[in-house]
Amino acid sequence: MNYTVQLGDTIAKVAYKFKVRPFDLLLFNPHLYSEQSYLSPGLVIHIPKIKMEQSNIVSDIQLRTEFGQMDLEKKIPDLKELGIVVDIIGYSVMNKPLYALSIGSGKKEIFYSAGWHANEWHTSKFLTQYIEELALHQEKGLSWHGYDIKKILQEVRLYVVPLVNPDGMDLVLQGIYEGHPYLKEVLAINKGMRRFDHWSSNIRGVDLNHQWPAGWEIEAKESPQEPWSRHYSGKAPLTEPEAIAVHQFTKQHSFAYVLAFHSQGQVIYWGYRGMEPLESKEMVGRLSLASSYTPIHTADSDGGYKDWFIQETGRPGFTIEVGVGTNPLPIEAYGEIWSNNCILALEGLVL
Ligand SMILES: [Zn+2]
C-alpha cells in the first residue's frame with residue numbers, strides 16, 4: 001500500500017505504525033537513503049506487506065521512536081484522563097502551543113522544563129513520559145522506586161513544560177520542505193544545507209537558552225552575531241516568544257527550585273557566579289547520587305535560564321545534561337536516559 005507522509009512523521013514512527021522495520025521502508029523506497037532521511041509532509045511512500053511474528057514487532061513506542069510536538073499533542077487526552085492539568089502558556093514563532101502540564105496538590109511549587117534545544121528531543125519525551133508515570137502511580141497508590149508518590153504529590157505541585165522549542169524540534173526531525181513557512185529564512189541561516197542535526201535554535205535562529213537577562217551582554221558578545229543554528233543570543237534578551245512564555249510563566253509562580261533538562265554530557269550544572277544559595281550544593285549531591293551524573297559548578301557561561309532563575313530569585317536552579325555524545329543522540333540512547341533520570345526526577349520532588 002501507499003502512505004502519504006503527515007506532519008510529525010519520521011521513518012521510525014511510520015515503521016512502528018505499520019509494524020514493519022525501518023529497514024523495510026528503505027528496501028522498498030529507493031528514494032529514502034537512510035533511516036535518518038527526512039520524510040516531508042505529502043511525500044508518498046510504499047509500505048511493504050511483511051508478515052512479521054508478533055514477538056518480533058517492536059511494541060514499545062516509548063523506547064523506539066523520536067518525539068516532537070505532534071507526539072505530545074497525541075498524548076494530551078491520556079494525560080488529562082489521568083488528572084494532569086494541561087495549560088497553554090504561549091505560542092511559538094510558528095504559532096504552535098507551548099504546553100505546561102501539572103500534577104499534585106501541595107503548596108511547594110517545582111518546575112521542570114525540557115526541549116529547549118531543537119536537537120534534544122529525548123528530554124521532551126522523557127518529561128512527558130515521566131509525568132504520565134507519576135500520575136499512574138498516584139492513581140494506583142503505588143510507590144515508584146521507593147518514593148511514595150501519593151504522599152509526595154500532597155506536598156508538592158509539579159509543573160512541567162516538556163517542549164519549549166517545538167518549531168526547532170520539528171525542523172530537526174522532519175527537515176525543511178516546500179510550503180514550510182520559514183523555508184527561505186531557515187535555508188539562508190543554514191547556508192543552503194538541508195540537514196539539521198546540528199540545529200539547536202528556534203526557527204528564527206535564536207538559541208532559547210542564550211536569551212536570558214543574566215549576563216546576557218557578555219554571552220552575546222562571544223557568540224554568533226546573526227541568526228545561526230546555535231548559540232545566537234538574539235538582538236536583546238527575551239525577544240523570542242518561547243523564551244517570553246517561560247519567563248512569564250516563571251514570574252507567575254513561586255518555584256522553590258527549577259530543573260532544566262538538556263542532553264549533552266551526563267553532568268549537572270548547579271551554580272551561577274556564586275549567586276546560588278548554600279543549599280544548592282547539598283541538593284546537587286543528591287541529584288548526582290540518584291543519576292550518577294557529575295555535579296559541575298558552572299560552565300563559565302551566562303544568559304541561560306537557570307542562570308537567570310538563580311540571579312532573579314536567589315533560589316536553586318539546575319541544568320541537567322542527560323546522555324552523552326553528539327546531538328541528536330541516537331534513538332537507542334533513550335533507554336539509559338529513562339532509567340537514570342526517573343530516579344533523578346523523583347529525588348527532585350523531595351529536595
Ligand atoms: Zn541543550
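The model is predicted, so local features need pLDDT of at least 70 and side-chain atom pairs count only at pLDDT 80 or more, while totals for chains, interfaces and linings use all residues. Residues are numbered from 1 along each chain as its sequence is written, and side-chain values use heavy atoms, with hydrogens and water left out.

**Aromatic rings**

Rings of Phe, Tyr and Trp (for Trp, its six-membered ring) pair if their centres lie within 6.5 Å; planes under 30 degrees apart are stacked, over 60 edge-to-face, and the rest tilted. By this rule there are 22 aromatic pairs. In one of them, the ring centres of F111 and F249 are 5.3 Å apart and the planes meet at 65°, so this pair is edge-to-face. F111 belongs to strand β5 (residues 108–113) and F249 to helix α10 (residues 241–252), so the pair links distant parts of the chain, 138 residues apart. Here helices (H or I, at least four residues) and strands (E, at least two) are DSSP runs, numbered from the N terminus.

A residue is called buried under 20% relative accessible area, exposed over 50% and partly exposed in between (1.4 Å probe, protein chains only). F111 is buried at 0%, and F249 is buried at 5%.

W116 and W212 also form an edge-to-face pair, with 6.0 Å between centres and 70° between planes. W116 is in the loop between β5 and α5 (121–140), and W212 is in the loop between α8 (183–189) and α9 (216–221), so the pair ties together parts 96 residues apart in sequence. W116 is buried, with 0% relative accessibility, and W212 is buried with 0% as well.

| Lysine | Ring | Distance from ring centre |
|---|---|---|
| K19 | Y16 | 5.2 Å |
| K125 | Y334 | 4.9 Å |

**The zinc site**

Donors are N, O and S atoms within 2.8 Å of the metal (3.2 Å for Na, K and Ca); water is not among the atoms, so sites may look incomplete. The zinc ion is coordinated by H117 (ND1), E120 (OE), E120 (OE) and H262 (ND1), at 2.0 to 2.4 Å. The spacing of the donor residues in sequence is H-x2-E-x141-H. E120 is in the loop between β5 and α5, whereas H262 is in strand β9 (residues 255–262), 142 residues apart. Both E120 and H262 are buried.

In helix α7 (residues 166–174), 9 of the 9 residues are buried, so the helix is largely enclosed by the rest of the structure. Contact means heavy atoms within 4.5 Å. The buried residues of α7 pack against α4 (69–81), β4 (97–103), α5, α8 and α10. Just after α7, G175 has a positive phi of about 75°.

S92 lies in the loop between β3 (85–91) and β4. S92 counts as buried, at 4% relative accessibility. Leaving aside neighbours within four places in sequence, S92 is in contact with L98, P166, D167, P241 and E242. Of these, P166 and D167 are among the buried residues of α7.

Terms used:
Lys NZ or Arg CZ within 6 Å of the ring centre and 35° of its normal.
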